[in-house]
Amino acid sequence: MPSDPLSDYEQCMVRAYDALDHGDTVAAETALMEAVALVPDAAEARGALGALLRREARYAEAEGHFAAAAAAEPARPSWVLDRARCLADAGDVDGAWALVSRLVEDRADDAASHRLAARLRLAQGDAAGALAHAREARFLAPHDLEGSVEVGQVLVDAGDPLAAAEMLEPLLAHAHPADPARAAALVLQGRAWAALAEGEKAARRWRQALEADPEDVGGAARLLAGLEAAAAAGGGGLTPTYIKALFDRYADRFDSDLTQKLRYQAPRLLRQALDAVGVGAGLDILDVGCGTGLGGVEVKPLARHLAGVDLSPRMVEHARARGLYDRLWDADLMGALAEAPGAWDLVLAADVLVYLGDLAPVFQAAVLALKPGGRLAATVERWEGEGPYALRESRRYAHAREHVLAAAAAAGLAVEHLAPVAPRWEKGRPVDGLLFILRKAGA
């Protein structure tokens, strides 16, 4: 009497799951292959075999089985998502995106689809699109620690480590010590803190990850060793990521804190100095590190064209609300100076160079950005210790007067004005600073 293929299929599936339970992937694969041979359009067997093969990094084979599962059971879109994951793992980003883009259109409320979409958009170079999908996935599944690790990875790699660190904090606070996703979340939050130049917080998280996972699948020991080596070598400077996150977080209260608590007056002092050296009106002005536009308020009467640039998109949004600037965009200082050679009569840098150490590169970039006879007007905090500059506990650099003069001379900029000022207060006392106006040779 011939055997019943369905009964034989069910026996194969039982053997496969039993083998998987015992960690015998060879026996599981054999049983699943027999089940597929018996019932080729069985979505369960195809999907289980695809999952097994994907874990073994046999992506092309796994993708074929997921495709067959999706064809056999079209009402279950997770098979399509699994197929897209295989394509992504194999490096076929565009092929994976073709599948996932349809999924997020058809099932906009599926967090897993948005997580993969975020990863793919980032791989395609679309950081803004990646962040949009990552934030949607976070909104849809706010308590999923494993999914949040995937979201956080995209946030860190797309340049928003602050969002990743803040997202993971409450999840880790409530995570069960035995949660298998906890170690990965700790490693990732450490990476986020490291990107924000918060070395102590990063190290603490990586040590906790080692306690949670002694086998260290996430590489916490390597990351910790790298952090300690950088500290021993005198690293720890301010990264653009740190500065962007700092001011993105600070943007909403920036004006009130500066003008009221810190008695910030760098823009007003710069305008007074510019008037003193006889700067006229009708100028093309670039306000670098424009923040919310406090500097723009002061120099607007001098401008024919006023442009502002800041590393923080949220600061730029606040500056745009003032209606002062003819152009605003978010970019780093050096990139902004290089964008339009010989375009500016005045480059204004109010309380910006405190986030840079060596001033020589920015002075050289300013020379290229200025028109003949153009000026760089800036404030810095003054350093009177050893060396040309130093990073203070406030996470701001202070610069020696001699360093300003030497960097200006090296760039071919004449010192038109150099004077001590107090650009702001800190801890109830005026900050010792310098204000300078440097001029490029020419008309």
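Tutor: Let's start with a term: a salt bridge is a side-chain nitrogen of Lys or Arg within 4 Å of a carboxyl oxygen of Asp or Glu. This is a predicted model, in which local features need pLDDT of at least 70, side-chain atom pairs count only at pLDDT 80 or more, and totals for chains, interfaces and linings use all residues. Residues are numbered from 1 along each chain as its sequence is written, and side-chain values use heavy atoms, with hydrogens and water left out.

Student: How many salt bridges does the count come to by this rule?

Tutor: The general idea is that side chains of opposite charge can pair when their charged atoms come close. Here the count comes to 28 salt bridges.

Student: Which side chain meets Arg 115 in a salt bridge?

Tutor: That of Glu 150, at 3.5 Å from N to O. Helices (H or I, at least four residues) and strands (E, at least two) are DSSP runs, numbered from the N terminus. Arg 115 lies in helix 7 and Glu 150 in helix 9, so this pair ties together parts that are 35 residues apart in sequence.

Student: Are these two residues buried or exposed, or partly exposed?

Tutor: Buried means under 20% relative accessible area, exposed means over 50%, and partly exposed is in between (1.4 Å probe, protein chains only). Arg 115 counts as buried at 12% relative accessibility, while Glu 150 is partly exposed with 28%.

Student: Where do I meet Arg 115 and Glu 150 again?

Tutor: In the lining of the second largest pocket. On a 1 Å grid over the protein atoms alone, a pocket is an open set of points with protein on both sides within 12 Å along at least five of seven lines; a cavity is a set of points where a 1.4 Å probe fits but cannot get out; lining residues have an atom within 4 Å of a point. Grid points are joined across faces, edges and corners, and a volume is the space filled by probe spheres set on the points. The second largest pocket has a volume of about 550 Å³. Its lining has 17 residues, and those nearest its centre are Arg 115, Glu 146, Gly 147, Val 149 and Glu 150. Helix 9 gives the most to this lining, with seven residues.

Student: What lines the largest cavity?

Tutor: Its lining consists of Val 288, Leu 333, Leu 337, Val 347, Ala 349, Leu 353, Val 362, Ala 366 and Leu 376. Helix 19 (333–339), strand 4 and helix 20 are the elements that give two or more residues to it. The volume of the largest cavity is about 50 Å³.

Student: Which residues does Asp 351 touch?

Tutor: Contact means heavy atoms within 4.5 Å. Not counting residues up to four places away in sequence, Asp 351 touches Tyr 264, Thr 379, Arg 396 and Arg 424. With Arg 396 it forms a salt bridge, the closest N and O atoms being 2.7 Å apart. Asp 351 is buried at 12%, and Arg 396 is buried at 6%.

Student: How do I check the length of helix 8?

Tutor: The expected span of a helix is 1.5 Å times one less than its number of residues. The 14 residues of helix 8 (residues 127–140) should therefore span 20 Å, and its end C-alpha atoms are 20 Å apart, which agrees. Buried residues in helix 8 include Leu 131 and His 133. The buried residues of helix 8 pack against helix 6 (93–106), helix 7 (111–123) and helix 9 (145–157).
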